[in-house]
Amino acid sequence: MKAVVALVGRPNVGKSTLFNRITKSRQALVDDMPGVTRDRHYADAQWDDKAFTLVDTGGFLSADDDYFASQIKEQLSRAVEEADILVFILDGRAGLSPYDRDLADFLRRTEKPVFYLVNKVESLYRQEDELGEFYTLGMDRFYKVSAEHGLGVGDFLSDLVALLPNAPVIEESGESDESDEPGEDDVDGPIRIAIIGRPNVGKSSLANRLFGEQRMLVDDKAGTTRDAIELSVKRNGREFILKDTAGIRRKGKVTNKLEKISILKALDSMEDCDVALIVIDCSEGITDQDITIAGYAEKRGCGAIFLLNKWDLVDKSEKGQQAFIKELRRKARFLSFAPAVTISAKTGQGCHKIFDEVEKVYTEYCHRINTGMVNRIIEDAVSREEPSLHQGRRLKFFYASQVAVKPPCFVCFVNYPDAVHFSYKRYLVNQLRQMIPLTLTPVKLYFREKTGKIEFSGNTKEFRRIQEKKKKVMTKREKQRKEQSRKKRERDQKNTL
């Protein structure tokens with residue numbers, strides 16, 4: 001197990017900036033406005049060939065000056081409890097705050113090693129007496145750092161990893177083993193899941209339910225979740241990586257810069273995921289924004305599952321499950337392959353079905369079929385329903401092949417690829433779905449022009465000999481044609497005389 005290092009401090013002292021600096025990423029959301037981070041954010045980091053897990057926490061407030069202060073404090077307490085080392089970050093510009101004293105007393109009672117960092121010190125030559133007030137917290141030493149510019153961070157990390165208990169050593173190898181790297185055909189690897197939807201539809205409640213504990217902040221207030229938080233879940237020996245995202249509102253209603261960044265991170269999570277869980281609030285019905293979000297998932301080519309949340313609040317006699325799903329299919333025809341599951345994240349109703357559905361979708365999402373079978377399916381489909389003519393000429397399908405998975409992608413080589421009508425393309429996709437079968441995953445079909453024969457022999461001696469022979473034959477034939485043309489011209493001239 002890797003050691004856990006937790007970053008703590010009051011709001012707007014630079015915890016998320018330091019988190020991104022140490023992890024060499026931009027996972028944590030950073031803004032000048034205090035209180036941006038609310039949930040615990042985990043990431044792997046390393047320094048001096050030693051690895052550890054870094055935790056970013058929300059800003060500590062002893063009083064209820066913030067709407068989420070009590071929940072953030074509870075999340076911070078859990079992070080402190082599971083951490084091996086604590087990093088207490090202070091603001092070198094604003095100076096000492098009463099909240100810093102309260103947090104220092106709280107950390108002192110944990111009896112865990114604490115590193116004190118005075119952040120936002122852009123000059124390491126700043127006199128100690130200018131920062132002397134921080135010694136009143138009872139510390140023996142503090143580190144002057146600038147998380148934004150990286151000043152002093154290296155010295156702090158060197159002392160940190162020296163204190164890490166049982167820190168694993170990462171051995172550097174000159175040769176990279178490509179077989180150890182997960183590829184697109186790695187069906188047994190972790191399944192990445194993105195939970196997406198409108199604000200306040202129950203995404204964080206669902207993430208907590210699937211994770212098994214209160215890991216995310218949950219509130220009736222819309223916009224509680226701001227950052228995209230990853231959660232690792234193991235079920236029946238299979239690893240699932242859940243990513244809870246911020247609610248996606250209509251573009252016209254988004255004016256705040258922080259909300260724009262949150263939505264962009266939510267959309268990016270669909271680029272990296274294998275299956276997107278599209279959460280819909282059944283108590284409010286199916287809105288246009290729900291269909292728009294489903295369109296984002298379809299455009300990015302990830303697997304999709306509709307989760308009809310808050311089903312316990314729906315009047316079953318007024319609108320049953322079949323009628324609700326029928327309306328969903330009518331409005332989201334472009335995701336007709338996506339399964340729909342009725343759940344209640346609050347009570348747990350139907351949530352046990354989610355991982356089973358995800359595995360079914362993921363299996364088809366990674367499905368690969370041999371080229372011979374693909375060609376037989378396309379050949380049979382074309383023989384049963386021939387395509388329309390293009391400028392009086394028949395479209396010819398030469399051969400087809402699967403070129404990628406996640407999702408399954410197929411390429412058909414034809415003489416006029418731009419002339420294939422979208423309805424005929426849809427017909428071929430449906431034939432592939434029916435015959436393979438692929439009923440739960442998106443299928444991509446592309447058309448390419450056949451440019452000529454593909455030479456597989458390579459630049460060998462035999463290949464060069466054949467090419468030279470062909471060249472001699474063509475040269476001889478060209479001479480014969482020229483000689484025949486010359487004799488014909490002579491005959492024509494004699495006949496005219």
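**A walk from pocket to sheet**

Helix α6 gives the most to the lining of the largest pocket, with 5 residues. Helices here are DSSP runs of H or I of at least four residues, strands are runs of E of at least two, and both are numbered from the N terminus. This is a predicted model, in which local features need pLDDT of at least 70 and side-chain atom pairs count only at pLDDT 80 or more, while totals for chains, interfaces and linings use all residues. Residues are numbered from 1 along each chain as its sequence is written, and side-chain values use heavy atoms, with hydrogens and water left out.

Let us stay with the pocket for a moment. A pocket is an open set of points on a 1 Å grid over the protein atoms alone, where a 1.4 Å probe fits and protein lies on both sides within 12 Å along at least five of seven lines; its lining residues have an atom within 4 Å of a point. The largest pocket holds about 810 Å³ of space, a volume being the space filled by probe spheres set on the points, which are joined across faces, edges and corners. Its lining counts 28 residues, and Q27, H41, Y42, A228 and E230 lie nearest the centre. Along with α6 (257–272), the strands β2 (41–47), β8 (229–235) and β9 (238–244) each supply at least two lining residues.

Strand β2 also takes us to a sheet. This open sheet has 6 strands in the order β2-β3-β1-β4-β5-β6, with mixed pairing. Because β2 and β6 (143–144) stand at the edges with a single partner strand each, one side of each is left without a neighbour in the sheet. Two strands pair if DSSP finds at least two bridges between them. Strand β5 (residues 114–119) pairs with β6 in the parallel sense over 2 bridges, and L117 has Y143 in β6 as its bridge partner.

Next, look at helix α7 (residues 288–300), where Q289 lies. Q289 is buried, with a relative accessible area of 11%; buried means under 20%, exposed over 50% and partly exposed in between, using a 1.4 Å probe and protein chains only. Beyond its neighbours within four places in sequence, Q289 is in contact with R198, I248, R249 and R250, contact meaning heavy atoms within 4.5 Å.

Finally, the cysteines. With a disulfide taken as a pair of cysteine sulfur atoms within 2.5 Å, the count comes to 0 disulfides. For C302, the nearest cysteine sulfur, that of C273, is 4.0 Å away. C302 is buried, at 2% relative accessible area, and C409 is buried too, at 10%.
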